[in-house]
Amino acid sequence: MISDYFQSLRSRQECALIPFITAGDPYLETTAEALYTLDRNGADFIELGVPYADPLADGPVIQAAATRALQRGTRLEQVLEMVATVSPNLKAPLILFTYYNPILNRGVRAFCQQIASAGVRGLVVPDLPLEEATELIQAAADSGIETTLLVAPTSSPERIAAIARQSQGFIYLVSVTGVTGVRSHLQERVKTLLTDMRRITDKPIGVGFGISGAEQARQVKDWGADAAIVGSAFVKHLAAANSTEGLQAIAQLCRELKSAISVRSEERGAEGQRSRGAEEQRGGEATTNYQLPITNYQ
């Protein structure tokens, strides 16, 4: 269960890293390789987006990825077939990110049973309001899946409390007013929201929408988040190069992010000095050795 894994991380005082990628972009075979790559390079959970024609909560990077995946014929059935092949070999639990219409079209209970059989352990549905979430939450729970609800930065304290009571696995705190996307800084409002939410719930809180680099991930950890959720930066890397280069890029980004949220505050100064010293010895030229995963996905 997602919540059990969070408890294990908390017991070790670890902040979770949750990368997001879009299924089928650039190709479904690449998505399978990307899941293995993220799993082996520091991801604690992996959020997999189902491409959708009208992704209202997503910014331009993820919208474009979904459009490319759909144009290449990626459909939910194919995504779940791939997940069923890959998930038994992953340590990181898979969280499916999908809009509500595909769920409604298949039938709520049938959908939950199908994704559970494929190996999905968590579910995020960004366009499902709290008032209409009860049926899905119950059907998902009956299939062993935890449904995570989103808290917007504009939510009232009363609504945050209601969402916190219903959300399973963790609570997804949206860091910005708007859609997903890479941003240069996080709003201080997130720090206040985290403090306020801690007063009303002890459930894990993940912060997403707008985190693009190590400094921002470290910031949300220092503010008290249990997880940093990073999407557009990973999607952009996979889309910007050929498959091998894209996989190498997300491996490096995953390691950098996990390292940033794993280092205790008092160790950062010493680590920074060691890193700068090593670069000076190499003449300022950074080198990285990559090892791509070996998979059985065909």
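In strand β4 of this predicted model, G122 is the bridge partner of I95. G122 also has a bridge partner in β5, namely E146.

Strand β4 covers residues 120-124 and pairs with β5 in the parallel sense, over three bridges. Towards β3, residues 94-97, β4 is joined by four bridges, and these two strands also run parallel. Four of the five residues of β4 are buried, so the strand is mostly covered, buried being under 20% relative accessible area.

T147 deserves a separate look. Its place is in strand β5. With a relative accessible area of 1%, T147 falls under the 20% limit and therefore counts as buried. Leaving aside residues up to four places away in sequence, T147 touches L123, L136, I137, A140, S167 and Q168.

The whole sheet can now be laid out. Nine strands form an open sheet with parallel pairing, in the order β5-β4-β3-β2-β1-β9-β8-β7-β6. The edges are taken by β5, residues 146-148, and β6, residues 150-151; each of them has a single partner strand, so one side of each has no neighbour in the sheet. Strands of a sheet pair through backbone hydrogen bonds, in either a parallel or an antiparallel arrangement.

Helix α12, residues 243-262, packs on this sheet and touches β1 (16-22) and β9 (227-230). The direction of α12 makes about 155 degrees with that of β1. In the sheet order, β1 and β9 stand next to each other.

The length of α12 can be checked against expectation. At 1.5 Å a residue, its 20 residues should span 28 Å, and the end C-alpha atoms are 28 Å apart, which agrees. The buried residues of α12 are G246, L247, A249, I250, A251, L253, C254, L257, K258, A260 and I261. These buried residues pack against β1, α2 (28-39), α10, β9 and α11 (232-240).

Helix α10, residues 214-222, packs with α12 at an angle of about 35 degrees, and the two axes are 8 Å apart. The crossing of α10 past α12 is right-handed. On the α10 side the contact is made by A214, A217, R218 and K221, and on the α12 side by E256, L257, A260 and I261. Sorted by class, this contact has five nonpolar residues, three charged and no polar ones. L257, A260 and I261 are also listed among the buried residues of α12.

In the loop between α1 (2-11) and β1 lies Q13. Q13 is not a glycine, yet has a positive phi of about 55 degrees. Its relative accessibility is 73%, and as exposed means over 50%, Q13 counts as exposed. In the loop between β1 and α2 is P26. The peptide bond from D25 to P26 is cis, with omega near 0 degrees.

Note on methods. Residues are numbered from 1 along each chain as its sequence is written. This is a predicted model: local features need pLDDT of at least 70, side-chain atom pairs count only at pLDDT 80 or more; totals for chains, interfaces and linings use all residues. Side-chain values use heavy atoms; hydrogens and water are left out. Two strands pair if DSSP finds at least two bridges between them. Contact means heavy atoms within 4.5 Å. Axes are lines fitted to C-alpha atoms, for helices over the stretch in contact, and angles run from 0 to 180 degrees between N-to-C directions. A crossing is left-handed if the near helix is turned anticlockwise from the far one by less than a right angle, and right-handed if clockwise. Ala, Val, Leu, Ile, Met, Phe, Trp, Tyr, Cys and Pro count as nonpolar, Asp, Glu, Lys and Arg as charged, and the others, Gly among them, as polar. The expected span of a helix is 1.5 Å times one less than its number of residues. Buried means under 20% relative accessible area, exposed over 50%, partly exposed in between (1.4 Å probe, protein chains only).
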